[in-house]
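This report describes the surroundings of a ligand, a pocket and the confidence of a model. Please consult the sequence and structure shown below while reading.

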Amino acid sequence: MSDTAIYLDNNATTQLAPEVLAVMQRAHEELWANPSSVHRAGQQVRQQIELARDQVAQLIACKPREITFTSGATEANNLALRGISALRKGRRTILTSAIEHAAVREPCEQMKHEGFTILHAPVSTDGVVDAKALAALLEQHADDVALVSIHWANNETGVIQPIEAIADACQAKRIPFHTDATQVPGKQPIDLATLPGVSALSLSAHKFHGPKGTGALFTRSSLRLTPQIIGGPHERQRRGGTENVSGIIGMGEAAKLAKAYVESNGPNRVEQLRDRLEHALCEAVPEAQINSLHAPRLRNTTNIAFPQLEAEAIIILLSERGVYASAGAACSSGSLEPSAVLLAMGIEEHVAHGSIRLSLSRYTTENEIDRAIDIIPQVIAKIRQSMPPPPPSEVRQSV
Ligand code: PMP
């Protein structure tokens with residue numbers, strides 16, 4: 001990426017921290033023995049994996065043995081959904097929401113074809129899962145729910161879900177609760193010691209300045225899990241396959257850095273930059289609207305609607321000016337469909353169509369935000385100028 005680029009797509013992925021790169025490089029050069037080997041070289045690698053497990057456990061305040069390393073949050077979510085429900089014999093309902101990431105939505109969709117019933121808890125127009133309605137659904141279907149899966153924070157809007165209330169409701173009914181917390185590390189604390197109702201939680205290293213292709217699933221010691229990738233006793237029989245050593249070591253280092261960053265109040269600065277960006281854009285483009293403005297949100301994320309415009313066009317023109325943003329989830333970009341998450345929140349199609357996500361990181365500078373504040377309104381004005389005038393019938397209606 002060029003030095004002058006303004007990278008505002010940190011919910012899609014983040015830059016590798018230099019400290020992480022350094023430990024990974026060392027791992028590639030020196031720690032290449034197989035951690036399952038009994039010789040000393042293998043055991044040295046094993047030790048480093050266990051150190052990383054400890055660092056990831058500290059990030060979320062759980063025990064190291066409750067961490068299973070995976071290839072990312074997609075695998076962690078699949079493992080949680082299938083691995084937990086497989087052991088809840090006779091229970092064939094999964095309670096989730098329509099605004100989950102595809103890495104939960106799509107496995108649920110597939111499980112529907114295998115005979116599961118997928119129930120969706122309602123969501124407000126601000127993108128908050130209704131915890132009371134979820135508890136009522138849980139009450140109603142208590143005998144058949146295998147598992148509840150609700151993300152901790154939304155990748156598109158940044159909305160933080162009422163995790164505590166959902167965890168309490170699940171605990172009261174003794175139903176496992178999985179939460180996809182992929183977007184949370186490095187932005188706010190995760191303290192599982194105070195959330196006994198959370199049974200499983202997914203993480204992905206590349207969302208907090210770690211490497212891509214490495215993640216983890218937390219599962220509480222009391223919870224049993226059926227492995228989905230079978231082929232060896234790795235990860236305490238939970239996930240077969242020789243470990244991604246450098247990735248795991250990198251994830252451990254990234255977890256250590258993310259924890260220290262949150263504890264030193266680093267996200268405050270990011271929030272100030274995000275707020276300044278939002279205010280300036282709303283001032284420069286009066287018709288702009290912030291989606292989920294009144295919900296609790298991650299401090300690095302803003303989702304802004306420019307009604308009647310096409311988000312794809314905005315993203316492409318911004319990219320030409322060196323500003324990298326996204327429309328909806330990164331995985332759905334390239335399609336002209338508006339974000340499924342915004343539509344499920346009940347946002348009108350012409351507003352959803354014009355919504356873009358800007359997400360900051362601990363490396364975002366004040367100067368970058370100043371430049372973004374300059375460039376984004378210019379791009380919006382340019383798109384407006386190139387739009388055809390409204391048809392005469394619409395002109396008449398607006399008189
Ligand atoms: N869940 C959420 C909320 C995400 O934002 C993402 C990444 N876009 C994933 C899951 C998938 O993570 P990974 O890339 O590690 O598979």
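## Ligand surroundings

In this predicted model, the shell around the ligand is formed by Gly-72, Ala-73, Thr-74, His-101, Asn-155, Asp-180, Thr-182, Gln-183, Ser-204, His-206 and Lys-207. By residue class, this shell comprises 1 nonpolar, 8 polar and 2 charged residues.

## Polar contacts and cover

For Lys-207, a side-chain N or O atom is 2.7 Å from a nitrogen atom of the ligand. The side chain of Gln-183 places an N or O atom 2.8 Å from an oxygen atom of the ligand. For Thr-182, the distance between a side-chain N or O atom and a ligand nitrogen atom is 3.4 Å.

On its own, the ligand has 400 Å² of accessible area, of which the protein covers 86%.

## The largest pocket

The largest pocket holds about 390 Å³ of space. It is lined by 15 residues, and those closest to its centre are Arg-174, Pro-176, Ser-199, Ser-222 and Leu-223. The lining divides into 7 nonpolar, 4 polar and 4 charged residues.

## Confidence of the model

The chain has a mean pLDDT of 95, and 95% of its residues reach 70 or more. Residues 394–399, in contrast, have pLDDT under 50 throughout. For this stretch, the model has 1 contact beyond four places in sequence.

Terms used:
Residues numbered from 1 in each chain as written. Predicted model: local features only at pLDDT ≥ 70, side-chain atom pairs only at ≥ 80, totals over all residues. Heavy atoms only, no water. Near = heavy atom within 4 Å. Polar contact = N/O pair within 3.5 Å; in protein donor to acceptor, adjacent residues only side chain to side chain. Areas by Shrake-Rupley, 256 points an atom, 1.4 Å probe, with all protein chains shown as cover. Nonpolar A, V, L, I, M, F, W, Y, C, P; charged D, E, K, R; others polar. 1 Å grid on protein atoms, 1.4 Å probe; cavity = no way out; pocket = protein on both sides within 12 Å on 5 of 7 lines; lining within 4 Å. Points joined across faces, edges and corners; volume = space filled by probe spheres on them. pLDDT = per-residue confidence, 0-100. Contact = heavy atoms within 4.5 Å.
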